[in-house]
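Here's a protein to explore together. Take a minute to turn it around on your screen, then read on.

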Amino acid sequence: MISGVGFPLLESFADTFPFTMFPLEEITNSYRDQHPHNILYNILSGRESGSINNKLKHNAVAYNCHCEQKRTVCLKDPKVTCKVASSVLVKTIRFVRSLPSFSQLSSQDQSSLLTHCWVLLFVLGLAQEKIMFEVTDAPNSSILRQILLGPGLAEKDSDQPTLAGVHKLRACLHQLWNLDLSPKEYAYLKGALLFNPAVQGLSASLFIEGLQQEAQRALQEVLHVLHPEDTARFGHILLAASTIHAVSHSLVTELFFKPLIGNANMLHLLTEMLFMQ
């Protein structure tokens, strides 16, 4: 049991909240001669069955090969999934607020740490509760639209969830599920991710570094008790946790919370949840 920095509460929290832990005809020769590469005209004119149809087929193949992962997506069942995600977020904030060592920090340091790591902790929460979700194409996502927009997405779509982003998130979840972490392992891992001394602007970075080291030692002690024969487990856990950094804040916000909060600022909402009385 770690003393002096409040980590015993991680264990009690894990015990108190045991989680059970997604055909065209040819166009006129004169226009074709003047505009040999105008695919948009060919598409809208409804003509040129031969070469343009082949181009579209080629573009479709290229899309499947190179642009498939750029498809914008949304939750297939947002009403249910967003409710579950909100519950995970509430438990995440409750966990953070329950740590005496965290509450000893200045409000600015608390806010900075939460802003930096809330996605990491949220993904761990999804993994711990074994949350699964399905996605579908966003209403404006289509092969034709991708062709017309060119290689990049429209500016207004730049923050929209993509299939590639969802695959990254699911890969993280599966790595954590494969480890089959216990509630105590999840609790100490969350502590190790929360107390990150590398966050910019911290006023108590040395103290926070000590808290991170204590959390890591506590995790190692738990592993020694639960998995004494698996000497590589600690490294595997840290490796799995490191993959969460590939999951963007915008993906999590847009996919799980935008249907509920609309244009509200997610970080403002998190701060309100953290400091509410």
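Is Asp137 buried, partly exposed or exposed? Asp137 turns out to be partly exposed, with a relative accessible area of 33%. We'll come back to its partner in a moment, but let's get our bearings.

**The overall picture**

What you're looking at is a predicted model. The protein has 14 helices and 2 strands. Of its 277 residues, 42% are buried. The protein exposes about 14500 Å², and 55% of that comes from carbon and sulfur atoms.

**Salt bridges**

Searching the whole structure turns up 6 salt bridges. Here are three of them, with the N to O distance for each.

| Salt bridge | Distance, N to O |
|---|---|
| Asp137 and Arg71 | 2.4 Å |
| Lys91 and Glu129 | 3.4 Å |
| Glu214 and Arg217 | 3.1 Å |

Let's start with Asp137 and Arg71, whose side chains meet in a salt bridge. Asp137 sits in strand 2 (residues 135-137), while Arg71 is in the loop between helix 4 (51-67) and strand 1 (73-75), so this pair ties together parts that lie 66 residues apart in sequence. Asp137 was the partly exposed residue we opened with. Arg71, on the other hand, is buried, at a relative accessible area of 17%. Why does 17% count as buried? Because buried means under 20% relative accessible area, and Arg71 has 17%.

Next up is the salt bridge of Lys91 with Glu129. This pair also links distant parts of the chain: Lys91 belongs to helix 5, Glu129 to the loop between helix 7 (107-128) and strand 2, and they're 38 residues apart. Lys91 is partly exposed, with a relative accessible area of 22%, whereas Glu129 is buried, with 16%.

Then there's Glu214 with Arg217, another side-chain salt bridge. How far apart are these two in helix 11? They're 3 residues apart in helix 11 (residues 205-226), so about one helical turn separates them. Glu214 is buried, with a relative accessible area of 18%, and Arg217 is partly exposed, with 38%.

Now find helix 5 (residues 78-97) and helix 13 (residues 249-261). Their axes come within 9 Å and cross at roughly 100°. That makes helix 5 roughly perpendicular to helix 13, because angles from 65 to 115 degrees count that way. Which residues make the contact? From helix 5 it's Thr81, Cys82, Ala85, Ser86 and Leu89, and from helix 13 it's Leu255, Phe256, Phe257, Pro259 and Leu260. Sort the residues in this contact of helix 5 with helix 13 by class and you get 8 nonpolar, 2 polar and no charged ones.

**Two loop residues with positive phi**

Finally, have a look at the backbone of two loop residues. Lys130 has a phi near 55°, which is a positive value in a residue other than glycine. You'll find Lys130 in the loop between helix 7 and strand 2, and at 41% relative accessibility Lys130 counts as partly exposed.

Asp180 also has a positive phi without being glycine, at a value near 50°. Where is Asp180 found? Asp180 lies in the loop between helix 9 (163-179) and helix 10 (183-194). With a relative accessible area of 53%, Asp180 is exposed, because exposed means over 50%.

Note on methods. Residues numbered from 1 in each chain as written. Predicted model: local features only at pLDDT ≥ 70, side-chain atom pairs only at ≥ 80, totals over all residues. Heavy atoms only, no water. Axes fitted to C-alpha atoms, helices over the stretch in contact; angles between N-to-C directions. Helix = DSSP H or I, 4+ residues; strand = E, 2+ residues; numbered from the N terminus. Parallel < 35°, antiparallel > 145°, perpendicular 65-115°, else oblique. Contact = heavy atoms within 4.5 Å. Nonpolar A, V, L, I, M, F, W, Y, C, P; charged D, E, K, R; others polar. Buried < 20%, exposed > 50% of the residue type's maximum accessible area, 1.4 Å probe, protein only. Areas by Shrake-Rupley, 256 points an atom, 1.4 Å probe, with all protein chains shown as cover. Salt bridge = Lys/Arg side-chain N within 4 Å of Asp/Glu carboxyl O.
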